[in-house]
Number of protein chains: 2
Amino acid sequence: MLNNADSEFVAGLEARLSPGAVRAVEPRDVEEPRGLFKGQGAAVLRPSNVAEVALVLAACNAARVPVVPLGGGTGLVGGQVMSEGPVPVLLSLERMVGIRDISPENNTMTVEAGAVLADIHTAAEGAGRMFPLRLASEGSCRIGGNLATNAGGVNVLRYGNARALCMGLEAVLADGTVMGGLKRLRKDNTGYDMRDLIIGSEGSLGVITAAVLRLYPVPAARQTGFVAVPNPAAALALLHALQGVLEVTGFELIHRMGFDFLAETGFDLRPPLVADWSVLIEVSGAAGLEEALAGAMEQGDVLDAVIAQNEAQRAHFWALRETIPEANKRVGSISSHDISVPVSDVPAFIARAEKEMPAALRVNCFGHMGDGNLHYNIFPPKGKSRDSYADERAAIARLVFDIVAEFGGSFSAEHGVGRLKVDDLERYGDAGRLTAMRRIKAALDPAGIMNPGAVLRGCETL
Amino acid sequence: MLNNADSEFVAGLEARLSPGAVRAVEPRDVEEPRGLFKGQGAAVLRPSNVAEVALVLAACNAARVPVVPLGGGTGLVGGQVMSEGPVPVLLSLERMVGIRDISPENNTMTVEAGAVLADIHTAAEGAGRMFPLRLASEGSCRIGGNLATNAGGVNVLRYGNARALCMGLEAVLADGTVMGGLKRLRKDNTGYDMRDLIIGSEGSLGVITAAVLRLYPVPAARQTGFVAVPNPAAALALLHALQGVLEVTGFELIHRMGFDFLAETGFDLRPPLVADWSVLIEVSGAAGLEEALAGAMEQGDVLDAVIAQNEAQRAHFWALRETIPEANKRVGSISSHDISVPVSDVPAFIARAEKEMPAALRVNCFGHMGDGNLHYNIFPPKGKSRDSYADERAAIARLVFDIVAEFGGSFSAEHGVGRLKVDDLERYGDAGRLTAMRRIKAALDPAGIMNPGAVLRGCETL
């Protein structure tokens with residue numbers, strides 16, 4: 001069993017850490033963006049280096065005190081807020097924000113886990129490179145959290161998710177063991193892939209303290225198009241046609257509901273074309289998009305299209321896409337679903353889900369179609385509040401996830417499991433894989449102090 | 001302690017498996033390409049499906065009988081041959097060779113672990129797609145082995161290694177637990193990354209039985225160049241110049257020694273240009289290579305260049321590169337080193353190693369410079385046999401690896417640890433990471449039956 005982090009325990013730690021390493025818990029430390037969970041915590045511990053992280057974890061492990069790691073707090077599945085059980089300490093990486101090294105020659109950057117994603121972008125651009133992880137929350141999320149949750153975003157199609165963008169990792173296990181691994185190597189085949197095991201484990205196996213990130217040359221040229229399509233099947237045909245001749249780096253499907261929500265919630269953002277289904281497309285290279293879209297128009301897969309003529313227009317197209325999550329938040333979803341299916345099944349999934357969903361509810365379906373990843377979010381009818389649908393949330397999620405499962409899909413394509421989807425993992429996950437995960441958890445965190453209740457439940461009794 | 005697989009144990013298994021599931025051990029089952037290890041085995045078990053694999057492992061686990069998984073037997077670090085300790089059973093995937101599903105629409109292929117890599121290429125091409133894993137041994141290696149060792153090859157620069165090319169995985173753990181995971185999803189963020197943990201674990205955590213592979217569109221056009229450069233630093237400058245304007249998919253550095261070895265060992269393969277250092281370059285797209293090389297020539301980074309004018313010429317360029325390992329084998333290396341350093345440090349590494357290496361020995365240095373991965377192989381002087389240098393092997397490897405370590409590099413970039421590099425892992429690996437690896441091994445294979453002696457030693461006593 002785990003113990004509360006009482007004031008004596010916190011004071012004992014404070015005495016062993018550098019000045020300023022302990023602060024009081026603030027509201028932002030125990031909130032999450034959708035307001036589904038309310039966390040708790042005895043104190044926020046702010047180590048200033050990996051040795052202090054190791055000290056904190058070893059002490060918590062010895063005392064069987066739970067630890068909740070904190071990044072930017074932007075996660076959407078409650079992984080950052082422990083609302084039940086013994087009172088934990090909150091371990092924030094907010095003082096470990098250094099960018100230690102940038103090598104444009106090697107296309108790598110070494111950063112501490114608390115570095116804010118937008119600061120990483122700025123540093124990469126300053127060195128004539130880019131870091132391709134792009135998310136709506138990039139102004140406040142921290143790279144340690146991005147890696148702990150294996151974040152996705154709008155560039156996965158070409159560059160992969162956070163896991164694919166991490167070359168080396170340093171992390172601390174529950175007992176304070178430091179796993180060094182800040183290698184700046186594109187290839188290193190020396191034993192088990194501990195890096196990728198920690199990435200995506202959502203703070204339940206250890207704390208990420210630093211990482212070597214993979215940079216890329218800034219594409220010499222790119223073209224961005226906003227395209228109206230007759231339906232999702234046409235969008236799929238368009239994706240394949242483009243991939244045959246161009247390097248597609250982004251392919252974002254957007255239903256008209258997203259633009260309605262922007263207008264309804266006070267955003268002055270209007271799409272350049274109005275259709276039930278639109279696609280925001282980005283490709284590498286200076287030419288070829290217009291010709292390819294003209295060809296697709298002849299095939300009937302494109303109704304109309306606008307190609308950005310300048311950076312301002314490109315920024316406008318992307319703002320339309322990237323502001324939809326904020327509009328969703330203002331409208332207030334009953335239930336949000338970050339799902340994936342095989343790319344080729346996206347149209348069939350949308351058709352099937354539309355058929356099953358109660359007609360009175362509003363569906364905002366948008367996302368990374370090139371990855372087979374849709375944000376399939378359900379809202380109350382206009383003028384009604386989500387609160388009156390609280391009792392239906394579970395049934396709606398079940399309905400969506402059952403359809404996803406029919407297609408061999410995933411109930412969490414990029415957001416992770418956190419606390420919101422622990423039941424879903426038990427229901428939809430492979431039994432053998434869950435068995436193996438529990439063995440890994442018990443091996444690396446036998447007392448179960450690391451982010452209890454996230455990903456797997458009941459591990460503190462192992 | 002582990003037990004010998006005696007004839008009674010094998011007979012008991014045979015009675016429970018499908019007809020033809022047991023055959024006698026043949027010489028090829030206990031040999032490896034470099035002749036450094038000689039294996040042993042009581043019998044070759046050839047399950048025909050995942051249930052039979054699970055049955056075999058559960059029985060071996062209960063009886064504490066060691067299991068050595070067999071793919072195509074082409075591994076270069078002795079991972080496939082257990083030469084010491086109790087007599088194991090050899091578990092071959094040779095009867096599980098099915099290609100279950102190819103979806104060009106989804107860019108995926110589902111295969112059984114025993115499928116030969118070349119057959120996978122043929123199947124992908126038949127569907128108008130390509131599978132980018134390309135290795136010298138592709139005619140005989142099996143995909144299960146490629147994944148178990150996280151194989152690399154000549155396309156890693158653009159497409160990643162075997163791990164990056166695997167979307168879903170099915171594997172059986174030591175106790176017979178089947179981990180299902182044949183998802184055809186580009187994104188699935190639901191718990192620990194068991195897939196990537198099994199990939200690269202070299203049969204020491206479980207047996208891979210099937211996989212979903214990632215296919216790619218066949219590039220509409222490509223250009224292949226054979227380029228003489230003045231030195232490795234110029235090759236690095238050329239790499240960066242090309243990456244700024246083209247998509248570089250291959251960048252193979254080749255020292256003149258490789259061509260000398262081809263001539264010396266009877267291969268009728270002559271390079272189109274002769275220089276101390278050459279680079280074989282491949283880029284996507286129909287144009288741009290000639291112009292870029294002309295620019296590099298003006299900068300002094302290119303001495304001379306030939307661009308392949310047809311498929312036959314391209315095949316010739318690649319045959320030069322891909323036949324060097326066979327020539328090396330015929331010459332007989334004292335010690336071979338599959339190392340990596342940060343890409344930007346490749347020239348400094350080569351200069352440093354050249355300075356330290358005894359002048360009488362011959363060095364054949366070639367490989368995937370775009371990944372920072374060199375095959376740095378040491379041979380006796382012409383006319384002498386490697387046998388007379390057997391006593392110096394360890395010291396030479398140590399010399400090379402110590403220099404690699406100075407550059408923060410890896411002693412095994414793509415070949416893995418196997419049995420050959422267990423000592424090196426203990427010497428050069430991070431202590432915390434090794435601790436974590438041992439915990440993982442104990443958690444997933446507590447009796448230590450899986451490929452004992454590979455990757456980690458002494459795990460059967462845990």
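**Note on Ser103(A) and the fold of chain A**

1. Ser103(A) is buried, its relative accessible area being 11%; buried means under 20%, exposed over 50% and partly exposed in between, with a 1.4 Å probe and protein chains only. The model is predicted, so local features need pLDDT of at least 70 and side-chain atom pairs count only at pLDDT 80 or more, while totals for chains, interfaces and linings use all residues. Residues are numbered from 1 along each chain as its sequence is written, chains are lettered from A and ligands numbered from 1 in the order in which they are written, and side-chain values use heavy atoms, without hydrogens and water.

2. Ser103(A) belongs to strand 5 of chain A, residues 99-103. Beyond its neighbours within four places in sequence, Ser103(A) is in contact (heavy atoms within 4.5 Å) with Thr108(A) and Arg184(A), and with Ser344(B).

3. Chain A contains 14 helices and 18 strands. These are DSSP runs numbered from the N terminus: H or I of at least four residues for helices, E of at least two for strands.

4. For the 462 residues of chain A, a compact globule would have a radius of gyration near 23 Å, and the value of 22 Å agrees. This radius is taken over C-alpha atoms, and the globule rule is 2.2 Å times the number of residues to the power 0.38. The C-alpha trace spans about 70 × 55 × 45 Å along its principal axes.

5. Of the 462 residues in chain A, 61% are buried. Among contacts between residues at least 6 apart in sequence, 73% join residues at least 24 apart.
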